[in-house]
Amino acid sequence: MDAQPAGLSRSEIERLADIIMSMQRCFVQHLSEELARGQVSFSQFFLLGHISSTTSMSMTEIAEKMTHTTAAATGLVDRLANLGYVQRMDASDDRRKVLVRITPKGLDLVGRIRQDIVAKLAILTGILEPEEQITWLHIYEKIHAHITCSH
C-alpha cells in the first residue's frame with residue numbers, strides 16, 4: 001500500500017487560519033480607508049463591483065446577488081444613487097421593473113479601488129520568486145473554484 005502524503009497538522013491549519021485572518025484584516029483595513037473616501041460601505045462597494053460587470057441589473061437580481069431582501073437591496077441602491085454612483089431606469093419591456101446601472105462616477109470609484117488592490121498585490125508578489133508567484137495564483141484559483149460566496 002502506498003503511503004499517503006501527510007497533510008497539514010491541526011496546529012499548522014490553525015496557523016494558516018491565523019495568517020489568513022491577519023491578511024484579511026490588512027486588506028480590509030486598507031479597503032476601508034479607500035471606501036471612506038467614497039462614502040460607501042463594503043456591501044455597497046461589492047454591489048458596485050457586480051453592477052460594473054453588466055449593463056444593468058434588476059432589483060431582484062441585485063437582491064439575489066447580495067443575498068439580501070429586495071427591501072435591503074433597495075436601501076443599498078438608494079444610497080448609491082444619492083451619491084451618484086448608480087442610476088435607476090425603467091426596463092423597456094416592463095415599466096414596473098426597475099433596472100440599476102453604474103454611472104461613470106461609480107465606474108471610476110470601482111476602478112480606482114481595484115487598481116489600488118492590484119498595485120498592492122503586485123508589491124506583495126515581488127517578495128516571491130517567479131515560480132512561487134505562479135504557484136500562488138494556481139492555489140488561489142483552485143481554492144476560489146471551491147468557495148461559494150455571493151459577495
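**Notes on the model**

1. Thr67 lies in the loop between helix 3 (59–66) and helix 4 (70–82), where helices are DSSP runs of H or I with at least four residues, numbered from the N terminus. Although Thr67 is not a glycine, it has a positive phi of about 50°. Most residues other than glycine have a negative phi. Thr67 counts as exposed because its relative accessibility is 51%, the class being exposed over 50%, buried under 20% and partly exposed in between, with a 1.4 Å probe and protein chains only.

2. This is a predicted model, in which local features need pLDDT of at least 70 and side-chain atom pairs count only at pLDDT 80 or more, while totals for chains, interfaces and linings use all residues. Residues are numbered from 1 along each chain as its sequence is written, and side-chain values use heavy atoms, with hydrogens and water left out.

3. Helix 2 (residues 42–52) packs against helix 5 at an angle of about 105°, the axes being 10 Å apart. Helix 2 is therefore roughly perpendicular to helix 5, a label for angles of 65 to 115 degrees. Phe45, Leu48, Gly49 and Ser52 of helix 2 meet Leu107, Leu109, Val110 and Ile113 of helix 5, contact being heavy atoms within 4.5 Å.

4. Leu121, found in helix 5, is partly exposed at a relative accessible area of 32%. Leu121 is one of the residues making a nonpolar surface patch of about 820 Å², others including Phe27 and Tyr140. Helix 1 (10–38), helix 5 (104–125) and helix 6 (130–146) each supply at least two residues of this patch.

How values were computed:
Patch = residues over 30% accessible without salt bridge, like charges linked within 9 Å, V, L, I, M, F, W, Y side chains within 5 Å. Areas by Shrake-Rupley, 256 points an atom, 1.4 Å probe, with all protein chains shown as cover. Salt bridge = Lys/Arg side-chain N within 4 Å of Asp/Glu carboxyl O. Axes fitted to C-alpha atoms, helices over the stretch in contact; angles between N-to-C directions. Parallel < 35°, antiparallel > 145°, perpendicular 65-115°, else oblique.
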